[in-house]
Amino acid sequence: MHSKSRGALLVAASIMFGAFTAKASATVDFMPTGSITSQPVGHYELCQRMPSECSATYSANGPVHLSRELWAKMIEINNKINSTIVPRTDMELWGREELWSYPELYGDCEDYVLEKRRLLMEAGVPAGNLLITVVRQPNGDGHAVLTVNTHLGDFILDNLEPRILSWSQTPYEYLKRQASDHAGAWVTVHDGRAVAVGAVGSNR
C-alpha cells in the first residue's frame, strides 16, 4: 500500500474510531454463545493437515482492548484481503466442497477469514480473540466471517462487506464459532435476532 493511501486510510480510521467509540462504549455488544457443538468439516480437515490450527489458545485475559491503533489495523487488513483475494468457490478451485486453506490469489469466505486471522495474530492480537464464525446469509446460504472479540464488543470482518460492523448490525443468522480457549473446539451462538434477520433479508 502506498504511503499516501495508507495515511489516508489511517486518518479515516481515526475519525471513524472516534465516532464509533462514543456510541459503542454506551452499548457494548457481545455475541451470546452456548455449549460445545460440532466442528465444521472443512475446519476439522484443515486441522488434520495443520495440527497447529487446532491447538489450545489464549485471549488477552478476556476481550482484547480495542485501541485506535487496533481499529486502524483491523480496517487495513480487512481492506487489503478483500481487495487482493479473488473470490472462487472450493469447487472451482479444488473440484470439491469445503476445503479450507490459506489463500494465495484465490479463495472463498473461509480462506479470507483464515488469512485475516493470521495477519491480526502477526499484529499481536491473541488467537483467542480471533474467532472463525459460521453464519447463514438472508438467502439461506452458509458463510464464514471473522469475529474480533474486544472490550467494546464483538466485531465482524467479512469479505462481503467493506465496513467492520458490530455482529448485531450484520444481516446474518449466527450459528457457531470457535471457542476462545481452544481453536479446535466450537460453541453454539444464541442469535435472538433470527426473526429480524429474516425480515431484513426479505426486504432486500
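1. Let's start with helix H5, where Cys109, Glu110, Asp111, Tyr112, Val113, Leu114, Glu115, Lys116, Arg117, Leu119 and Leu120 are buried (under 20% relative accessible area, with exposed being over 50% and partly exposed in between, using a 1.4 Å probe and protein chains only). That makes eleven of its 14 residues, so H5 is largely enclosed by the rest of the structure.

2. A word on the source: this is a predicted model, in which local features need pLDDT of at least 70, side-chain atom pairs count only at pLDDT 80 or more, and totals for chains, interfaces and linings use all residues. Residues are numbered from 1 along each chain as its sequence is written, and side-chain values use heavy atoms, with hydrogens and water left out.

3. Back to H5: it covers residues 109-122 and reaches 20 Å from first C-alpha to last, close to the 20 Å expected at 1.5 Å a residue (that is, 1.5 Å times one less than the number of residues). Helices (H or I, at least four residues) and strands (E, at least two) are DSSP runs, numbered from the N terminus. After H5 comes Gly124, with a positive phi near 105°.

4. Now for the strands. Six of the six residues of E6 (residues 153-158) are buried, so this strand too is largely enclosed by the rest of the structure.

5. On one side of the pairing list, E5 (residues 142-150) runs antiparallel to E6, with five bridges joining them (strands pair if DSSP finds at least two bridges between them). Thr147 has Ile156 of E6 as its bridge partner, and two residues sit between the strands of this hairpin.

6. E6 also runs antiparallel to E7 (residues 161-166), through three bridges. Here Asp158 is partnered with Glu161 of E7, and the hairpin joining E6 to E7 goes through two residues.
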